[in-house]
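Open the model in your viewer and keep the selection tool at hand. The stops below go from one selection to the next.

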Amino acid sequence: MRNLKRHKQAIFAGVTGVIVTLVLAISLRISDNSSIRDQLDAELYQLQLEVRRELQSHMFGFTWISSQGEMGPSWVSEGDLINAYYRQFKSLMWITPNGEIITSYPADWAAPRRVPDEVEMWLSRFSPGARYLISASSLAEHPADLLLVVPYESNRYTGYYAGILDMNRLLHLTVASHLRDETSFRVTRQSDSAILFSLADNGALKEEWGNNRVFQLFGETWVLELWPHTSRLQTMRSNLSLLVLVSGSLVTGLLTFVLYLLGVSHVRENLLQEANRELYDEIEERERVEQRVAYLAEHDSLTGLANRNAIIAQLSEELNFLREQALKVGVMIVDLDHFKEVNDTLGHNVGDALLKQVATRLSELNGGKTMLARLGGDEFAIMLTSVRAQEDLEHFADEIIEALDKHFNVEGYEIFVTGSIGIALTQTGEEDAETLMRHADTALYRAKDKGRNIWHVYTQELHDELADRLDVSKKLRYAIEHEKLSVFYQPQVDMTTRKIIGLEALVRWIEDDGTIIGPDRFIPIAEDSGLILPISEFVLQTACRQLARWRELGLTDIRVSVNLSGRQFQVPDLTDQILYAVRSAGIPTTFLELELTEQVLIENSQTHTQFMQDMRDNGITLAIDDFGVGYSSLSYLKHFPINALKIDRSFVKDLPDDKDDATITQTIVSLARNLDIGIVAEGVENQEQADFLINLGCTIGQGYFYSRPVPADEATALLTAPNSVIPVKIS
């Protein structure tokens, strides 16, 4: 676009020249076409006059001859004389008033006895003393032939002199004499578009260059058409328009080229000046960009604080310097608790404004020689140098928590946020910046795990614990993938008869060397990592298949309980998974019981309600596991379709001696009985506990007093014992 502006004079001259040349050439071409049409029209008009002149000549001659004396029918005998002067007559005849032909010429012409009806109709209208030219109709040999009629009336004779005029021949002679070469001519009848005469080519130019004229006869209308052949059209055209087009193009091109050459030097001068300006601008812009990049490389774009790269670089320098001074360096990572809820509720604009205010408030705290940075998201890092004791970091962490505890006023919203803090302090003096930051992040993880809005200091014990969790998680994943897990079954017993009424399916992890990893160690890790989902699905399918085997052995009144994790409720097709496991195993749904904790129930209760309704509709029963130790809300016992409550082992273990546990247990049993809900006691380990529970009205129990969780084959042995009764003593 810039180059076009630089050569606008040359472009303007070129465009103007092309437009003028085209307009002039087109105008000349239009004028030339109009002249050709006028010439063709004049030729057609002249041809029409010649045809009319020939017709009039024959009409006048025929009329004059037929009026000489009272000849009557004998007039026809003068045919040789008439034909000698007027050769276009084919036949002559005398027609009586009633349409009969009583004499004709030539003698060898087999004239009909009467004229056709349409001719007779015209004859009745003719008056003596005039001449008439009509279509010869069926008397003619050619459609163009005409009948020339002269009415005659005297004392002696009354009738019509008539002669058939050979129009095809007359037209041939006239056209041959007056039509220009390489020109088409055609005569058509207007009434039916019949072609009466044609001397034409293929008609390619007829639509565009055809001229026509109407030729009126007595009783008929002919249309004369004329158009040139292609070769004649080329000779009729003038070459002036082509000459103007070529000349104008040459002149325009030459003028444009000259103007372009005249402007090149000016353009090049402007280009050079513009290039210099652009070069200077580019250099300045590059310097600004480099400064901006250098700034952004070490600063957070939102808050203006230092970023992760900057604090790690500064931390590395301080570690190298203070290592020689035998001083310590501390790092704190501050993470805002539940900050995502601010973004989700009030929007990211409010969230960003809140982060700016948090950055300002942290910057105002006096922590000695500190450096504050934003690591990303809602996470900040603080570096403290020349630290003499860990207590200094802990005191500063308390100040941060107290500062964040005050409300923030953001765009009209009063917002309260808290922060979790991970603290790391150099120990050996050999730590590098990345290691120290990682330690602080590990401590932050533990602070959040312990309830948030607190600080936690990194220790070697914490490191070992997390390393152990990571190792267990890795081994657990391997165990799942290679099917190293097993399902054990703990009987649920009617304590009054010691008869087994059901079993709870429990997952067990046994290493190849026989080492047993307890569920209290790997289940929490599985919950955090999401591995609980494949574990739960494995337990469910295995338990359903095992129940199907027991039913094949005739044990058709046994129920199996399977625990559900809170993570499973995040799976959209949980209901379908459970029903698929039951149906693929071929067991009735009424013999499967699902156990949920109170904590699972109070999280997203609306979704859980729908799930529980689906389970009830399909006949699957539901039990509340570890009842009484969670955040109990007894209203769910009313709204949820709960079938049983399981008293947690923490209330059973000190029965009957502990009065508080006895009172709580009695309350739970009474609540279940009044609500008509089943009750199961967990952790029954001696006869005294069993007797106390039976006296309260709780008759179903499970625990080591009856059986530990055992593999499927041992559980089968217990179930197939006489009457499925648990022995008095079992190891």
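Which residues do ring pairs link into a cluster? Select Trp94, Tyr152 and Tyr161: ring pairs join these residues into a cluster. Bear in mind throughout that this is a predicted model.

**Stop 1: the aromatic pairs**

A pair of aromatic rings is described by the distance of the centres and the angle of the planes. The count here comes to seven aromatic pairs. For one of them, show Trp94 and Tyr161, which pair edge-to-face, at 4.8 Å centre to centre and with 65° between the planes. This pair links distant parts of the chain: Trp94 is in strand β1 (residues 89-95) and Tyr161 in strand β5 (residues 158-165), 67 residues apart. Trp94 and Tyr161 are both buried.

Next, select Tyr489 and Trp550. Their ring centres are 5.2 Å apart and their planes meet at 70°, so this pair is edge-to-face. Tyr489 belongs to strand β17 (residues 485-494) and Trp550 to helix α16, so the pair ties together parts that are 61 residues apart in sequence. Tyr489 is buried, and Trp550 is buried as well.

**Stop 2: helix α16**

Now colour the buried residues of the helix; among them are Ile532, Ile535, Val539, Leu540, Leu547 and Trp550. Ser536, Thr542, Cys544 and Gln546 are also buried. After the helix comes Gly554, with a positive phi near 95°.

**Stop 3: charges over rings**

Select Arg551 and Phe591. The charged end of Arg551 sits over the ring of Phe591, at 4.8 Å from its centre. Then move to Arg361 and Phe408, where Arg361 lies over the face of Phe408, 3.7 Å from the ring centre.

**Stop 4: Arg508**

Finish with Arg508, found in strand β18 (residues 499-510). Is Arg508 buried or exposed? Its relative accessibility is 17%, and buried means under 20%, so Arg508 counts as buried. Which residues is Arg508 in contact with, leaving aside its neighbours within four places in sequence? Show Leu485, Ser486, Phe488, Pro519 and Pro709 to see these contacts of Arg508.

Terms used
Residues are numbered from 1 along each chain as its sequence is written. This is a predicted model: local features need pLDDT of at least 70, side-chain atom pairs count only at pLDDT 80 or more; totals for chains, interfaces and linings use all residues. Side-chain values use heavy atoms; hydrogens and water are left out. Buried means under 20% relative accessible area, exposed over 50%, partly exposed in between (1.4 Å probe, protein chains only). Helices (H or I, at least four residues) and strands (E, at least two) are DSSP runs, numbered from the N terminus. Rings of Phe, Tyr and Trp (its six-membered ring) pair if their centres lie within 6.5 Å; planes under 30 degrees apart count as stacked, over 60 as edge-to-face and the rest as tilted. A charge sits over a ring if NZ of Lys or CZ of Arg is within 6 Å of the ring centre and within 35 degrees of the ring normal. Contact means heavy atoms within 4.5 Å.
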